[in-house]
Amino acid sequence: AQADQAHAKFKDPASDFFFFFGLWQRCYHRGESPQTQNRLRRFCRDHFLSYRRMREWREIHDQILSILIEKKLVTRKETILEKRRGDLYAALHRSILSGYLGHIAQKKEKNFYIATKDRQAMIFPGSGLFKNPGQWIVAAEMVETSRLFARCAAVIDPAWIEPIGKEQ
């Protein structure tokens, strides 16, 4: 219950993927940026997070950023945070969609969707989308337990699907 409460501030009603973005923002870009390992450990402990995973994420972020700088695709001053939320949402979810074309689903009723290959899926109850799902979603995982659940999902614009699917 405490972990759910601590994580609630990072949830986004339209995208579970934005949970991770909100977490990253809170940890590294909002004045709370842990300058020392002890501060990062404290942040992780206070927010019920894995210290090791946060360090891995930071290392991956730094590697990607240095590649982008080396290729002159961004400067050190530019960040993804400079984009407006709408532009950022579309860019992030289009890139996710390109890797998960097989995990697209269209709303059938309330939390139930018709996924690719005519599968019936339900949004995972722990998802931020569970209470207010969109018409079209993409999910990082389709997990079958008692039923097929779409986990780590986001609302998408169906107009994004065809252009991305053509390139695949």
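Select Arg55 and Glu59, which both belong to helix H4 and stand four residues apart, about one turn of the helix. Helices, such as this one, are DSSP runs of H or I with at least four residues, strands are runs of E with at least two, and numbering starts at the N terminus. Arg55 and Glu59 form a salt bridge whose closest N and O atoms are 3.5 Å apart; the term requires a side-chain nitrogen of Lys or Arg within 4 Å of a carboxyl oxygen of Asp or Glu. Arg55 is partly exposed, at a relative accessible area of 31%, and Glu59 is likewise partly exposed, at 41%. In this tour, buried denotes under 20% relative accessible area, exposed over 50%, and partly exposed the range in between (1.4 Å probe, protein chains only).

The model is predicted: local features need pLDDT of at least 70, side-chain atom pairs count only at pLDDT 80 or more, and totals for chains, interfaces and linings use all residues. Residues are numbered from 1 along each chain as its sequence is written, and side-chain values use heavy atoms, with hydrogens and water left out.

Next, select Arg53 and Glu56. How far apart in helix H4 are Glu56 and Arg53? They are three residues apart, again about one turn of the helix. Their side chains meet in a salt bridge of 2.8 Å, N to O. Glu56 has a relative accessible area of 36% and is partly exposed; Arg53, at 44%, is partly exposed as well.

Now display the whole of helix H4, residues 51-70. Its 20 residues reach 29 Å from the first C-alpha to the last, close to the 28 Å expected at 1.5 Å a residue; the expected span is 1.5 Å times one less than the number of residues. Which residues of H4 are buried? They are Tyr51, Met54 and Arg58. These residues cover an arc of only 60 degrees around the axis, which puts them on the same side of H4; the arc is taken from the directions from the helix axis to the C-beta atoms. Turn to the other side of H4 to find Arg52 and Glu70, which are exposed.

Then step past the end of H4 to Lys72, whose phi is positive, near 60 degrees.

For the next stop, select Arg151 and Glu141. This pair forms a salt bridge, with the closest N and O atoms 3.5 Å apart. Arg151 lies in strand S5 (residues 148-155) and Glu141 in strand S4 (residues 136-144), so the pair ties together parts that are ten residues apart in sequence. Arg151 is partly exposed at 32% relative accessibility, and Glu141 is partly exposed at 36%. Across the whole structure, a search finds four salt bridges.

Finally, show the entire protein. It contains six helices and five strands, arranged along the sequence as α-α-α-α-α-β-β-β-β-β-α. Of the 168 residues, 35% are buried. Among contacts (heavy atoms within 4.5 Å) with a separation of 6 or more, 52% involve residues 24 or more positions apart. The accessible surface comes to about 10900 Å², of which 51% belongs to carbon and sulfur atoms; accessible areas come from the Shrake-Rupley method with a 1.4 Å probe, and for residues only the protein chains shown count as cover.
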